[in-house]
Amino acid sequence: MTASGGGRGDGGRPVRVVIAEDAALFREGLARLITDRGHQVAAAVGDADALLAAVAEHHPDVAVADVRMPPTHTDEGLRAAIELRRDHPGTGVLVLSQYIETRYAARLLEGNAAGVGYLLKDRVADVAEFADALARVAAGGTALDPEVVSQLVRASRHADGIAALTPREREVLALMAEGRSNAGIAAALVVTGGVVEKHVASIFGKLGLPPSEADNRRVLAVLRYLGS
Amino acid sequence: MGAFGPVNQGAADEPPGSAPGGRAAPPTALAPPKAPAALTAAGAALRAPFTARAGRELLFCLAEAALGLVVLAAPFALAGLGLVVGLLAGRRPAGPGSPGQPVVFVPAVAVLLVILALLAIALPRTGRRLGAAHRRLAARLLGPAIGAPAPPRPGRGLAGRLGAVLRDGPGWRAAAYLLLQLPVMVAEIYAVFFAAVGLANLSYPFWWPLFRNHAPGTVLQPVPVLTPFGSFGVATLAGTAAAFAAGAAMLLAAPWVARGAAAADCWLMHRMLGPPRLAQRVADLEQSRALAVQDSAALLRRLERDLHDGAQIRLATLAMNLGMAREKLGADTDPQVRELVDAAHQGAKDALVELRSLARGIHPPALDNGLADALATLAAGGAPPVDLSVHLPERPAPEIETIAYFCAAELLANAAKHSRANRVAVDLRFTDGALELRVSDDGAGGADAARGSGLAGLRQRARTVDGRVEIVSPPGGPTRVTVTLPMHA
């Protein structure tokens with residue numbers, strides 16, 4: 001966990017990152033945080049066009065993009081992220097925003113939860129969690145903000161199905177939807193991996209979902225269930 | 001014409017020569033500062049006929065006189081037409097063997113009545129058209145435009161259209177203007193007469209010598225000289241000097257007559273051709289209200305953007321730095337220091353959350369992408385599940401989107417708080433040129449704007465743009481609230 005650790009990422013290997021954020025203060029802080037965790041910042045740019053160019057040039061493991069960037073300050077970061085997902089499937093995309101818009105999350109995921117993340121900017125304050133999310137996205141996993149998940153759960157039409165779960169199982173469901181692996185869930189809830197596996201099996205049974213091994217397919221199944 | 005010098009620049013009060021609004025040369029203009037007042041006034045009077053403004057006023061008088069003559073000619077033309085038609089109608093029954101006299105009389109009266117009726121129908125619309133021509137003329141030549149009256153109200157069906165024509169107030173006022181303008185027109189003809197005949201009189205001495213070479217013993221007829229006070233004959237070269245003097249006097253008087261006539265005509269136009277004062281006031285108020293609503297929406301949007309780019313980003317960076325500092329605290333750190341850093345970290349994160357909900361209340365950022373996105377996020381945040389359907393072929397004005405959004409937010413919050421509903425439906429569509437937001441739930445009903453609960457505020461909000469709120473909420477439910485808003489403020 002130290003800066004001198006040199007090349008030791010949280011996912012075990014260093015990750016190459018391109019940052020796009022128009023506020024210089026936050027951009028520099030983010031770059032520092034990422035290098036601090038032993039990763040490498042290939043480029044840090046201020047708008048969406050520069051992001052697309054930087055990704056084409058550096059082929060990073062993950063691109064971190066702010067949603068609102070010049071020139072219109074609406075959703076150019078999101079649109080660039082969607083473009084990156086289409087044109088550079090090898091690059092994970094982690095979108096940061098000061099607001100959570102469910103519609104944005106839906107556009108970003110669009111049937112494929114691999115290598116994608118959507119987090120509130122606040123989450124960067126919890127350095128270890130953010131680094132974990134970054135590594136997950138870089139490795140082809142998913143990182144959805146807890147707020148997106150709680151909104152999905154609240155608005156879900158499967159209130160009956162969710163009500164059938166125990167409180168613990170609901171926690172596990174939310175963590176699964178955020179894109180965490182069994183190990184990650186176990187660490188978050190301070191339980192063993194075996195306990196988590198049992199919860200997961202129970203949840204899938206109660207909700208009538210087909211069990212799935214790969215984390216990102218599991219995320220998609222859970223999100224589909226909540227959103228349908 | 002020595003008076004063309006800059007003797008009186010800027011000194012005379014408002015000679016017809018000076019441009020309106022005192023566009024005269026700056027006072028520094030070379031004027032011998034102590035020129036006697038009488039001299040400056042005389043200079044202004046002498047220059048008056050040769051200024052652009054005098055020219056425009058004269059042109060206005062000429063054009064107005066021409067338009068007035070058209071109106072004057074119309075009754076004669078109609079009377080002539082009536083006569084012809086009457087005669088044609090009267091001749092047929094007056095065939096051989098029938099006593100013509102009483103038979104001619106009846107159709108003539110009928111024709112007269114028909115002509116009067118047609119006149120009554122034609123007058124308001126004709127008045128509007130000619131009035132518009134007058135207004136355009138005044139705007140083109142004399143400056144500030146006179147506002148157009150409200151457009152005629154369309155009617156449905158033959159009777160409706162007839163009624164609309166007959167009740168067309170501005171049309172009748174315009175027709176009355178055409179009549180009242182006739183005396184003013186006489187003054188305007190006078191102004192033109194002063195200028196044209198004055199110019200002609202001025203020329204007498206110049207062409208007089210051309211007629212000198214007549215045979216000896218020929219007695220010359222005196223040449224008539226026209227003046228406003230009658231005419232006199234000129235038979236000698238010395239007499240032409242009198243004609244010249246009369247011409248000069250008329251030319252100098254012409255701009256003043258033109259100005260007086262034009263002013264009278266403009267006054268009449270303002271009274272008769274412009275919108276009625278109350279209607280004008282309503283139009284002005286509507287416009288200023290729309291501006292105020294747009295302004296406040298734009299202001300809130302800017303405020304949110306400033307928060308987003310300023311305080312929020314600084315706070316996020318602060319929280320991030322505190323997070324990093326916290327990670328770097330070693331195991332041997334003073335527990336008090338750790339506690340303080342933890343508290344600061346948590347405080348920054350809490351402040352971020354608070355600031356975010358504050359900014360969202362000022363202007364939801366998703367609105368920048370349209371109501372569909374913003375309502376989707378809003379619907380996702382509510383307790384009862386929301387069926388959202390948005391069908392908008394075009395985006396309403398930003399201020400309308402903001403009002404619609406906050407109405408939807410209020411109604412969803414109401415449904416969640418008071419109705420104990422299981423389902424809420426939000427429907428946004430474009431109906432009859434207006435935006436219609438319908439929020440219905442299957443809850444307990446009994447919502448009443450009179451008993452507070454935010455519905456009164458909703459009505460207030462909609463009313464700022466002439467929107468309507470319709471609440472149907474019988475006890476026991478279901479509740480359906482429909483908000484209708486224009487597409488623009």
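Two residues are in contact if their C-beta atoms, placed from the backbone, lie within 7 Å. With that in hand, welcome to a short tour. This is a predicted model, in which local features need pLDDT of at least 70 and side-chain atom pairs count only at pLDDT 80 or more, while totals for chains, interfaces and linings use all residues. Residues are numbered from 1 along each chain as its sequence is written, and chains are lettered from A and ligands numbered from 1 in the order in which they are written.

**View 1. Chain A as a whole has 11 helices and six strands.** Helices (H or I, at least four residues) and strands (E, at least two) are DSSP runs, numbered from the N terminus. Of the contacts in chain A between residues at least 6 apart in sequence, 65% link residues at least 24 apart. Chain A has 228 residues, and 52% of them are buried. Here a residue is buried if 20 or more other C-beta atoms lie within 10 Å of its own, exposed if 12 or fewer, and partly exposed in between, with C-beta atoms placed from the backbone.

**View 2. Six strands of chain A form an open sheet with parallel pairing.** Their order is β2-β1-β3-β4-β5-β6. Two strands pair if DSSP finds at least two bridges between them. At the edges stand β2 (40-45) and β6 (142-144) of chain A, each with a single partner strand, so one side of each has no neighbour in the sheet. From one strand to the next the twist averages 20°. Angles like those in these legends run from 0 to 180 degrees between N-to-C directions, and axes are lines fitted to C-alpha atoms, for helices over the stretch in contact.

**View 3. Strand β3(A) is mostly covered, with five of its five residues buried.** Which residues point each way from β3(A)? A:Val62, A:Val64 and A:Asp66 point one way, while A:Ala63 and A:Ala65 point the other way. In a regular strand the side chains alternate between the two faces of the sheet. On one side, β1(A) and β3(A) pair in the parallel sense over four bridges, and A:Val17 stands opposite A:Val62. Strand β3 (residues 62-66) of chain A also pairs with strand β4 (residues 92-97) of chain A, in the parallel sense over five bridges. There A:Val64 faces A:Leu94, and A:Asp66 stands opposite A:Leu96. The chain gets from β3(A) to β4(A) through helix α3 (residues 76-87) of chain A, in a right-handed β-α-β crossover. Right-handed here describes a path that, with the strands pointing away from the viewer, runs clockwise from the first strand over the helix to the second.

**View 4. Helix α1 (residues 24-36) of chain A lies across β1 (16-20), β2 and β3 of chain A.** Helix α1(A) runs at about 170° to β2(A). In the loop between α1 and β2 of chain A we find A:His39. Is A:His39 buried or exposed? A:His39 counts as buried because it has 27 C-beta neighbours inside 10 Å. A:His39 and A:Val17 are 22 residues apart in sequence and 7.5 Å apart in space, C-alpha to C-alpha.

**View 5. Helices α9 (residues 182-189) and α10 (residues 193-207) of chain A pack with their axes 9 Å apart.** The angle of about 110° makes α9(A) and α10(A) roughly perpendicular, a label for 65 to 115 degrees, whereas under 35 counts as roughly parallel, over 145 as roughly antiparallel and the rest as oblique. Among the residues that meet are A:Ile185 in α9(A) and A:Val196 in α10(A).

**View 6. Where the chains meet, 28 residues of chain A are in contact with 35 residues of chain B.** On the chain A side, the elements giving two or more residues are α1, α4 (102-109), α5 and α6 (146-155). The largest share, five residues, comes from α1(A).

**View 7. Five strands of chain B form an open sheet with mixed pairing.** The order is β3-β4-β5-β7-β6, with β3 (386-391) and β6 (468-472) of chain B as the edge strands. Strand β4 (residues 424-431) and strand β5 (residues 434-441) of chain B run antiparallel and are joined by eight bridges. In this pair, B:Leu428 has B:Leu437 as its bridge partner. Helix α10 (residues 371-381) of chain B lies across β3 and β4 of chain B, at about 175° to β3(B).
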